Amino acid sequence: MKPFGNLLLTAVAGIGLVACDGSSGTVAAPADEVVAGEAVDIAPAGSQGGASSTSGTPLASGAPKFATLYPEAELSQPVVQANGADGPGGLAEFVTPATPDEVVAHYRKLAGDAGLKPVMSMNQGNARAFAALNNEGAEVQVVASPDETGATSVQLTWKSGR
């Protein structure tokens with residue numbers, strides 16, 4: 001398992017994603033499971049034409065502005081999506097040449113711009129984590145850590161809110 005696999009599983013459980021509904025054509029799952037969706041069509045890195053620190057490609061159709069692919073990042077695997085009482089949500093894993101501090105600062109700004117309030121920040125060794133939410137059930141969690149190649153591995157989870 002990847003170095004932060006257990007942390008990733010904790011992050012998924014922490015945001016409380018629930019079963020996918022039948023309207024998307026995915027099979028419904030018990031509330032404690034997340035069903036993998038199809039890969040999201042994301043433009044290749046660098047095709048955004050100079051993305052600013054507040055823009056990016058949405059990780060899923062209808063994803064909130066704080067759930068975008070980090071500029072110049074590449075998905076490690078397909079995005080996982082789910083629907084629940086707090087709206088649609090998902091989980092994305094990607095790799096970027098940016099540092100963990102830069103990644104967390106980026107998502108901290110996006111969360112603040114969207115009205116989410118910080119509820120958790122963690123620095124453990126070279127790993128960084130951040131979480132924010134609002135009263136409508138919107139939430140974002142990001143865990144960023146350097147990998148063995150010198151790049152930063154990122155796990156991002158989100159809920160859109162009601």
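## A buried pair

F94 and Y107 are both buried, meaning under 20% relative accessible area, with exposed over 50% and partly exposed in between (1.4 Å probe, protein chains only). Y107 has a relative accessible area of 0%.

This is a predicted model, in which local features need pLDDT of at least 70, side-chain atom pairs count only at pLDDT 80 or more, and totals for chains, interfaces and linings use all residues. Residues are numbered from 1 along each chain as its sequence is written, and side-chain values use heavy atoms, leaving out hydrogens and water.

## The aromatic cluster

The whole structure holds 2 aromatic pairs. Rings of Phe, Tyr and Trp (its six-membered ring) pair if their centres lie within 6.5 Å; planes under 30 degrees apart count as stacked, over 60 as edge-to-face and the rest as tilted.

Y70 and Y107 make a tilted pair, 6.3 Å centre to centre with 45 degrees between the planes. Y70 sits in the loop between β2 (68-69) and β3 (74-75), and Y107 in helix α2 (residues 100-113), so this pair ties together parts 37 residues apart in sequence. Helices (H or I, at least four residues) and strands (E, at least two) are DSSP runs, numbered from the N terminus. Y70 is buried at 11% relative accessibility.

The F94 and Y107 rings have centres 6.5 Å apart and planes at 50 degrees, so that pair is tilted. F94 lies in strand β5 (residues 87-96). Y70, F94 and Y107 form one aromatic cluster.

## Q155 in strand β9

Q155 belongs to strand β9 (residues 152-159). It is buried, at 7% relative accessibility. Its side chain makes a polar contact with the side chain of S153, at 3.4 Å. A polar contact is a pair of N or O atoms within 3.5 Å; within protein, one must be able to donate a hydrogen and the other to accept it, and residues adjacent in sequence count only if both atoms are side-chain atoms.
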